[in-house]
Each structure stands twice: as structure tokens, then as C-alpha cells.
Amino acid sequence: MTFPIVAIASSAGGLEALSELLEAVATPCDMAFIVVAHLSSEHESLLVELLARKTTMTVRSASHGMRVEPDQVYVIPRNTILTIKGDALQLQLQPRERDRPHHPADVFFTSLAEARADSAIGIVLSGGDADGSRGVRSIKEHGGITFAQEPDSARFPSMPTNAIESGCIDFVLGPSEIARELGLLRSQAYLREATGRPATAEMGREDSDEDQLLRVFRRLHATHAVDFSRYKRNTIRRRLARRMAVRKTPELADYLNLLEGEPAEAAALYQDFLIRVTHFFRDPEAFEALGSQILPRLCEGRSTKEPLR
């Protein structure tokens, strides 16, 4: 069974926001929390002890090979790079260099997106730089859900502001409101399905909702001139379920009414349906051969005005 993993990025001013968020999480929540904070490279951190006072969940320092379990909070140790593979945390010692950007949240968020796809949740809290902005993009691209702290509620708003400006944030809320929203999302079919629990009857009846899917495709074709009807149904259903969870419409019929009445929602769903590949040129040798050997032959003797198809 796959449970959601919530990654939380924080830096300057983050302790206050972290405390407020964890204190407001209703337990048991059947989620795991990974705190990726910017810690001093020279002094031992008391973050584990301080956060343990704010939640009934077990709070522990992450260690290499530690398996992640629900209703637990894991805190990155200082001078380390933290990633995840499957359900196991991977820890690499790396002393912090003052003259280089320190973005441990980007690293962890990206690994979490690759490991957990649509059961990954990323949260960017108070901090003084742009850490987390690349990471939330990766989580969004893999179908996960993203949050940023409302900048006005953050002591240092740069991190959440940069995350919001990436265009990849689903919810902008205060820390306690983020906790409440996590509880609401946990009851949605989208995350229940990710854990192997039955989804709503509406999303589960694949044959009977085909007509409604065709309405979705017609709406997006009308607004964006793109035909998604031949996309893989499993991918379409998961990304549609994601938008339904974000908009709190558990029934597909209700979401259709929303989609047909709000142009902004059609634009958001269109973006979620697009298949994004972060690294397109993943086989550089093949593209080098294409450019140096194949294309010159195809273009030989051809007019520059004649299109090559």
C-alpha cells in the first residue's frame, strides 16, 4: 500500500511555520512528513526535539536506509543531502559551502517526485531564497500536489514567493490552513486510490463515465484546440482526479459543471493533461547523429524553401 509522503521545505523563519503546521495536523493522518530545513552547518540542531513538542506523531532524525512510515516525521540532519528511493531515505554527507547555493529541498522534492509520482506532496514554507521552486515543478510534473505558505504569513517570504511564481503551486495558504487542507485531500478519491483504497463510484466505473470524459475532451478542444481523446485513459483519469481533488469535487458530473462554467479551470486542467518531459534530449548521441549524419543527407539538393517533413 502506498501512502502519501509530504515533503516540507523551510529556512529562515521556518520553525514557527513548521510548528504551526504540524500542531494542526489531525492524527492519525496516514501520511509521512519529511522536513527539509536549512540547518546551521556548524551547530547541532534541536529541530527534532522542538517539533516533537508540537505533534503526537513520532519525530526523528533521518538516517541512511531508514524506511519511511505513515504518521511519522523525519527531519534532515545538518550537512547532508537527503533523497528517497522507494520507501527508504538516502543520506549523503555533504558539508555546506558558503559560496554555493544551498538547495536541499529541490534535491529531495525531485527525488520524491520520481519515487512517488502522484502520491507526493510538496510544501514550501518561510525562507530567504528560492529553494523548493525547482522541486515543486518536478512534483507537479509527476502528478503530485503542491502548497506554498501565504507570503504575508511568512517571516521571510522569498521561498514561498518564488515557489508561487514558478506557476506550479496548487494551494497558497497559512500553515494551519495547509494542515487542514491535507486532511481534506486525504479523504479525496485521488489519494485514496493512490493507497490502494477504493475510489469513488463515479471514478471507478470506467465504462459508464466515458461519455463524461468525452465532454471533458470537447471542452478542452473548444478552449485550447487540443484533442486529448487518444491519450492513455489511465493517465487522463489520474490527472483528472488530481484536479477534482484540488477543486474538492468528488463526483465527475459536478466537476464537469465547474469545468464548463469556469475558463480558468479549463486552462488548469489543460496544463495538467499535457505530458511534460523535463529532459527531452535524454539520448544525446542519437541527436548528434541525427544532426551530423541524417539531416545533411535529407537536405542535400533540396531547396531551402521546400519543407522537410
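Contact here means heavy atoms within 4.5 Å. The structure is a predicted model, in which local features need pLDDT of at least 70 and side-chain atom pairs count only at pLDDT 80 or more, while totals for chains, interfaces and linings use all residues. Residues are numbered from 1 along each chain as its sequence is written, and side-chain values use heavy atoms, with hydrogens and water left out. Helices (H or I, at least four residues) and strands (E, at least two) are DSSP runs, numbered from the N terminus.

After H5 comes Gly167, with a positive phi near 80°.

The sheet comes next. Seven strands form an open sheet in the order S3-S4-S2-S1-S7-S8-S9, with parallel pairing; two strands pair if DSSP finds at least two bridges between them. Strand S3 (58–61) and strand S9 (171–173) stand at the edges with a single partner strand each, so one side of each is left without a neighbour in the sheet. From one strand to the next the twist averages 20°. S3 is joined to strand S4 (residues 72–75) by four bridges, and the two run parallel; Val59 stands opposite Val73 in S4.

Helix H3 (residues 104–116) touches S1, strand S2 (32–37) and S7, and its direction makes about 165° with that of S1. Helix H6 (residues 175–186) touches S1, S2, S7, S8 and S9, and its direction makes about 165° with that of S8. Axes are lines fitted to C-alpha atoms, for helices over the stretch in contact, and angles run from 0 to 180 degrees between N-to-C directions.

Six bridges join S2 to S1, which runs parallel to it, and Ala7 stands opposite Ile34. Phe33 is also among the residues with the most contacts inside the largest nonpolar core, which has 34 residues, the others being Ile123, Phe147 and Leu182. A nonpolar core is a set of buried Ala, Val, Leu, Ile, Met, Phe, Trp, Tyr and Cys residues joined through side-chain atoms within 4.5 Å.

Finally, H3 and H4 pack at an angle of about 5°, with their axes 7 Å apart. The two helices are therefore roughly parallel to each other, a term for angles under 35 degrees. Asp106, Phe109, Thr110 and Ala113 in H3 meet Ser133, Arg134, Gly135, Val136, Ser138 and Ile139 in H4. H4 also holds Lys140, which is buried, with a relative accessible area of 14%. Leaving aside neighbours within four places in sequence, Lys140 is in contact with Thr146, Gly167, Cys168, Asp170, Arg242 and Asp272.

How values were computed:
Buried < 20%, exposed > 50% of the residue type's maximum accessible area, 1.4 Å probe, protein only. Parallel < 35°, antiparallel > 145°, perpendicular 65-115°, else oblique.
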